[in-house]
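Colleague: I am new to this one, so could you take me through how its charged side chains pair up?

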Amino acid sequence: MRIMLLAGTRPEAVKLAPLALALDAHPDLDRTLVHSGQHAGLVEQALEPFGLAVDARLRIPPRHTGSQAELVASLLPAMDDLLRAHRPDALMVQGDTATVLAGALAAFWLRVPVVHLEAGLRTRDLSAPFPEEGTRQMVARIAALHLVPTEGAAAALRAERVPHDRIVYTGNTVVDAVLAIAAMDLPAENPALAQVEAELATTGGRLALVTSHRRESWGEPMARTFTAIRALVADHPDIRVLLPAHPNPAVRDQAEAELGGLPEVRITDPLGYPDLVRALRLSAVVLTDSGGIQEEAPSFGTPVLVLREVTERMEAVRAGCAWLVGTDPELIAKTAGAALSGTLRAAAAPNPYGDGAAAARAVAALERLATRG
């Protein structure tokens, strides 16, 4: 069976990497790892620590408007050409990006079975996260196999009348990835992270990791988050804030304009995955709107403040590993302060998103799909 794995962003690449490695070890399942070109360079950066590289890239024209319509309009014909050339037995997509939507549509139109990794996440609110929630629901209608990260995701799909035999619990492969990279214990490569780490070793201070990039966070919501960060460093002068900025200029420019003048805040380029894992391990608290970080941080007992009004990853909240704070500056600063003071601690519990064996379960599901034909 020939499996095509499609990645367009760094989170997709990280979550597909354990599966690519597991497929490489299988005698009867072959894989091709494809980069859609959605985020140039970041997919390769994410795969490198796992010893992986892309096998093929979609040829898409340069983007001008940056809109979802422009991107999908470029991806669809390129994906159609690649699928026709390679003729895989299945296409695996991960998550909820424009790459996922375009890849799933192109495969469905060619009658190539679509395997959705990290299927079933739901907020039931098409505006949050936007446009990811819509993408998830659309892909669920055409997927042949749904690999779910949690039992809650499986229940969501069953409620949508997805046939039970097409839903397989695997856990989240990001737990496989984060545990593998953490075990390597690599030193920091990013200069800003290395500098902050050296400073904190000298001063005994603490690290706060901040990431904010989702489209619904742009503009005023992000401004409120940055207001909270200014209050946080004023109240806790020993902390250093590391803010890896998303490559989108709208995010980087706003971060520089509102936080660039603060010596306690270090704004840097996106971290390589080993550096991100290192930062998660070192941090006293994480403030994020990222889905992946909500899944990764519980492996290290790091408290996570979720900078969103709703999250499709409620398992960490219920387990006492994360707190939903939205973008209210006072609530963010108060909750982060409690985490820094030690009055708010993450529960000492296993990561609710997996045990590090998700890739093995996904390969077993692909074996059954091959048998089913």
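Modeller: Gladly; we will go through some salt bridges in this predicted model.

Colleague: Why is the contact between Arg-136 and Asp-96 called a salt bridge?

Modeller: A side-chain nitrogen of Arg has to be within 4 Å of a carboxyl oxygen of Asp. Here the N to O distance is 2.7 Å, so the pair meets the rule. Arg-136 sits in helix α5, Asp-96 in the loop between β4 and α4, and 40 residues separate them.

Colleague: Is Arg-136 buried or exposed, and how do you know?

Modeller: Buried means under 20% relative accessible area. Arg-136 has 2%, so it is buried. Asp-96 has 11%, and therefore counts as buried too.

Colleague: What makes Arg-313 and Glu-118 a salt bridge?

Modeller: Their N to O distance is 3.3 Å, which is within 4 Å, so the name applies. The two lie 195 residues apart, with Arg-313 in the loop between β12 and α13 and Glu-118 in the loop between β5 and α5.

Key:
Residues are numbered from 1 along each chain as its sequence is written. This is a predicted model: local features need pLDDT of at least 70, side-chain atom pairs count only at pLDDT 80 or more; totals for chains, interfaces and linings use all residues. Side-chain values use heavy atoms; hydrogens and water are left out. Helices (H or I, at least four residues) and strands (E, at least two) are DSSP runs, numbered from the N terminus. Buried means under 20% relative accessible area, exposed over 50%, partly exposed in between (1.4 Å probe, protein chains only).
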